[in-house]
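Good morning, everyone, and thank you for making time for this. Please have a look at the sequence and the model first, and then I will take you through them step by step.

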Amino acid sequence: MEKIIEIRDLKVNAGKKEIINGLDIDIYANRVNTIVGPSGGGKSTLLRCLNRLTDLEPGIRVNGNVTFQGKNLMDYDDVELRREIGMVFQRPNPFPMSIYDNVAFGLKLQAKVSKSVMDMMVQNALEEVGLYDEVRDNLKRHANTLSGGQQQRLCIARALILRPKVLMMDEPTSSLDPVSKGRIEDLIKGLKEKYTVILVTHDMSQARKVSDYTNLIYNGKIVASSEGTEFTDIEDQDVKDYLGELAE
Amino acid sequence: MDTKNKFFNFFTFLMSLVPALVLITILAFVLFYAWPSIVFNGTTFFTSYIWNVGISSRPPVLVRGFLVPPNASFGALLFIESTLISSALAILIAFPVSFLVSLGVEMYLPARAKRPLVSLIELFAGIPSVVYGLWGIVVLEPLLLNTIEPWMRSNMYFIPGFSGEVLTGSGIIASGLILSLMIAPIITSVMVNSFDSAPKEIKQGLVSLGATKWELGKYLATNYSRSSTYGGALLGLGRALGETMAVLMVGGGIVNVLPSSIYSGINTMAAAIVAYLDSAIGQGTGINLSALAELSLFLMVISLAVNLLGRRIAGRGALRGVENDKL
């Protein structure tokens with residue numbers, strides 16, 4: 001398996017508080033890489049380090065060695081990096097504008113694109129998330145008129161139009177109903193053909209459904225990794241207890 | 001309900017009417033004083049720039065039912081124009097500067113430095129305007145007269161209004177600069193607060209799509225914070241329109257000549273009211289005082305209109321943000 005991201009000895013502090021302390025993880029290309037762990041365990045922070053959203057929070061200090069496509073993360077231009085590592089958030093966050101403008105947004109920032117090319121790219125991105133048929137006649141409608149699940153797929157489309165190498169998803173279904181959740185899980189499985197997916201979840205059944213490679217994060221460290229979702233030889237009793245709770 | 005409660009209810013109801021009552025009283029009072037001037041001057045008040053208090057050593061004459069000194073005529077065009085030009089220049093300077101400052105504060109400063117800096121900016125708004133005026137006379141005017149305005153004249157003469165004669169250093173540029181200094185803190189503090197309060201999810205979403213800090217700021221200013229952006233600008237404009245002491249000191253106190261270039265002296269409505277009040281009070285027919293009251297009334301109406309308009313625009317902007325937006 002080809003590694004697209006390697007993280008070694010990552011440490012993140014917010015003031016005196018250690019959020020991540022000495023974390024190692026490999027992210028494999030064209031796989032669904034899942035990170036499972038309890039709330040407050042550092043999952044979201046880990047994602048925010050990868051597209052350097054942490055740069056925006058002056059109180060947070062990040063140390064460690066992270067390489068993306070063989071190049072140190074800090075050597076990337078931050079804006080450039082965020083186009084290559086897209087992100088979908090826990091709650092759908094469409095911008096207050098039309099469906100079309102939401103999807104076109106990132107591309108418009110990046111380049112002058114003719115109307116016809118933009119139309120095509122927007123359609124393409126919406127098709128990739130299976131939203132196009134639902135909204136094709138209403139592209140000018142405000143994005144807030146969509147259902148929660150549709151909004152989340154819109155946010156995925158918005159990230160995909162930039163053709164990122166990696167798509168990070170931070171508990172993307174946690175605010176959605178079961179049907180919408182199922183659709184997004186199916187979508188995730190399909191995305192890995194073109195993209196590397198990093199999925200953060202605290203839902204073990206979701207991990208079982210979609211994960212190719214699963215990492216268990218606990219207290220700011222990866223304590224176990226496995227192909228599939230079965231973890232063997234865990235010694236720490238707290239971690240065992242946590243896995244037990246997840247299984248229930 | 002016991003008596004105490006009834007009284008309290010009645011009293012608070014009464015107090016809730018106080019702001020409206022105060023506004024109406026002031027308007028009525030000013031209108032009452034302005035009435036003779038309104039009738040006497042008619043529309044020439046707005047079309048003429050000649051402010052002539054007449055010959056008070058000669059017996060007054062009766063015009064349209066009012067006794068006035070012979071030759072008296074009151075045209076406020078110069079004062080109105082001065083006010084609008086200096087305020088417009090102030091906004092033109094203060095708005096972009098405030099935008100850049102608030103963007104810088106929001107994007108580049110760590111949280112612990114942000115608060116103190118915002119407090120410092122807000123402190124600027126509390127400096128008495130006479131201090132700005134003094135600084136304007138002592139420092140700014142000589143600088144404008146000897147260096148900046150001659151430079152502008154020889155290098156920017158092709159812009160309409162920039163080729164006139166440099167005379168004193170006081171006038172439009174000095175007033176505009178001083179006013180912009182006075183209103184920039186207000187606009188900046190409104191903008192910083194609104195950038196700060198924009199939803200974090202949206203900010204992170206924008207940045208995650210590769211928006212630069214500049215693009216993020218531009219987006220916030222034209223969308224989420226649009227109401228505050230306009231609101232701040234109009235608050236600033238409101239202050240600039242009514243600002244008195246500083247522009248009285250650096251405006252030039254021009255009478256009966258309309259500004260012909262950007263280097264011209266001016267005389268704003270507020271400044272004129274203060275400058276002519278003393279002599280008007282002593283004048284026997286009372287028409288001078290009445291003319292100043294009409295000027296006050298007009299200034300008040302403009303200021304109120306700016307505020308109302310600001311609210312309307314800001315309100316509509318907030319609604320439009322939900323319909324359709326382009327970056």
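Predicted model: local features only at pLDDT ≥ 70, side-chain atom pairs only at ≥ 80, totals over all residues.

Residues are numbered from 1 along each chain as its sequence is written, chains are lettered from A and ligands numbered from 1 in the order in which they are written, and side-chain values use heavy atoms, with hydrogens and water left out.

Let us start where the chains touch. If contact is taken to mean heavy atoms within 4.5 Å, then 27 residues of chain A are in contact with 26 residues of chain B. The size of an interface is often given as the accessible area lost when the parts come together. Here the two chains bury about 2300 Å² between them, 62% of it on carbon and sulfur atoms, where buried area is the accessible area, taken with a 1.4 Å probe, that two parts lose on being put together, summed over both.

How many salt bridges are there between chain A and chain B? The count is one, and it joins the side chains of R91(A) and E201(B), at 3.3 Å from N to O; the term stands for a side-chain nitrogen of Lys or Arg within 4 Å of a carboxyl oxygen of Asp or Glu.

On the side of chain A that touches chain B, the helices α2 (78–84), α3 (99–110) and α6 (148–160) each supply at least two residues, and α3(A) gives the most, with five residues. Helices here are DSSP runs of H or I with at least four residues, and strands are runs of E with at least two, numbered from the N terminus.

Now to the interior. A nonpolar core is a set of buried Ala, Val, Leu, Ile, Met, Phe, Trp, Tyr and Cys residues joined through side-chain atoms within 4.5 Å, and buried means under 20% relative accessible area, exposed over 50%, and partly exposed in between, with a 1.4 Å probe and protein chains only. The largest such core has 95 residues, of which I5(A), L126(A) and I156(A) touch the most other members, and its largest share, seven residues, comes from α3(A). Leaving out residues up to four places away in sequence, I156(A) touches several residues, including V88(A), L167(A) and L191(A). Apart from this core lies another, of 25 residues, among them A76(B) and V306(B).

Is F195(B) buried or exposed? At 0% relative accessibility, F195(B) counts as buried, and this residue is found in helix α7 (residues 172–197) of chain B. Beyond four places in sequence, F195(B) has contacts that include F99(B), L103(B) and L220(B).

T83(B), in helix α4 (residues 77–108) of chain B, is also buried, because its relative accessibility is 1%. Beyond four places in sequence, T83(B) touches L241(B), T268(B) and M269(B), and a polar atom of its side chain lies 2.9 Å from the backbone nitrogen of M269(B).

Finally, K71(A) sits in strand β5 (residues 71–72) of chain A and is partly exposed, because its relative accessible area is 38%. Setting aside neighbours within four places in sequence, K71(A) is in contact with V66(A) and Y76(A).

Terms used: Polar contact = N/O pair within 3.5 Å; in protein donor to acceptor, adjacent residues only side chain to side chain.
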